Amino acid sequence: MTFKAALLHFAVILIAALAGPRFAAAEPLQLVGFGDSLMAGYQLPQEDALPAQLQRQLVAQGHEVVITNAGVSGDTTSGGLSRVDWSVPDGTDGVILELGANDALRGIAPEQTEKNLEQIIIRLKERNIPIFFVGMLAPPNMGDDYARTFNAIYPRLAERYDLPLYPFVLDGVITERSLLLDDGMHPNTEGLKLMAERMLPLAGTWVAGIRGQSN
């Protein structure tokens, strides 16, 4: 090897060594699943809850993420608003926002639910935290008028604040008895796995967008 070739070879090795740390595997995105019992994993171990299920599926697709479970069973949008500042710590790269089911079950005025959700969204946006918005539909027993008003909340807020929207958290699950716990309302482990699978395409696009903005 000539002196010039050897020098070039050494330079390439040196550049690679110096650049290595910069191009090492990216740190996992720190996400928070913020919601009610559907997020918390009601009566199930944490490894079966929605954040853990979705994290595994995102990682399997090549997304480096950690999803912290900040779901609280029984939480309404009012409860979520009261705790969002301390439940979502500094350094959070994104929030999966799923609330409203308990509002509908309790017959809370949809106008109040919308105000609460909007305030949660505003607080997260003020902190520059991206949001993956997960919608809910009113149960049939609440009547057509209530359902029409309630169901419009999520697409309206998603459009107003330019949020990716997964329209119905229980899509494909709530009508399948085998995917529910004995109470007929909460998903079991298989139900939560299906929920994560159905969210995965949109969630993966959202995560990739966050990663792209951070690079």
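In what order do the five strands of the open sheet lie? The legends below take up this point and the elements around the sheet, as seen in a predicted model.

View 1. The five strands follow the order β2-β1-β3-β4-β5, with parallel pairing. At the edges stand β2 (65–71) and β5 (165–166), each of which pairs on one side only. Strand β1 (residues 29–35) is joined to β2 in the parallel sense by seven bridges, and here G35 stands opposite G71 of β2.

**View 2. Strand β3 and its neighbours.** Five bridges pair β1 with β3 in the parallel sense, with G35 placed opposite E98 of β3. On β3's pairing with β4, the two strands run parallel and are joined by four bridges; V95 has I131 of β4 as its bridge partner.

**View 3. The burial of β3.** Because five of the five residues of β3 are buried, this strand is largely enclosed by the rest of the structure. In a regular strand, side chains alternate between the two faces of the sheet. In β3, both faces are covered: G94, I96 and E98 are buried on one side, and V95 and L97 are buried on the other.

**View 4. Packing of helices α4 and α6 against each other.** Helix α4 (residues 77–87) packs with helix α6 (residues 110–126) at an angle of about 15 degrees, and their axes are 8 Å apart. Angles under 35 degrees count as roughly parallel, so α4 is roughly parallel to α6. The crossing of α4 past α6 is left-handed. From α4, the contact is made by T77, S78, G80, L81, V84 and D85; α6 contributes T113, N116, L117, Q119, I120, R123 and L124. By class, the residues of this contact comprise five nonpolar, six polar and two charged.

View 5. S214 lies in helix α9 (residues 189–214). With a relative accessible area of 49%, S214 is partly exposed. Although S214 and L29 are 185 residues apart along the chain, their C-alpha atoms are separated by 9.8 Å.

Definitions and conventions
Residues are numbered from 1 along each chain as its sequence is written. This is a predicted model: local features need pLDDT of at least 70, side-chain atom pairs count only at pLDDT 80 or more; totals for chains, interfaces and linings use all residues. Side-chain values use heavy atoms; hydrogens and water are left out. Axes are lines fitted to C-alpha atoms, for helices over the stretch in contact, and angles run from 0 to 180 degrees between N-to-C directions. Angles under 35 degrees count as roughly parallel, over 145 as roughly antiparallel, 65 to 115 as roughly perpendicular and the rest as oblique. A crossing is left-handed if the near helix is turned anticlockwise from the far one by less than a right angle, and right-handed if clockwise. Contact means heavy atoms within 4.5 Å. Ala, Val, Leu, Ile, Met, Phe, Trp, Tyr, Cys and Pro count as nonpolar, Asp, Glu, Lys and Arg as charged, and the others, Gly among them, as polar. Two strands pair if DSSP finds at least two bridges between them. Buried means under 20% relative accessible area, exposed over 50%, partly exposed in between (1.4 Å probe, protein chains only).
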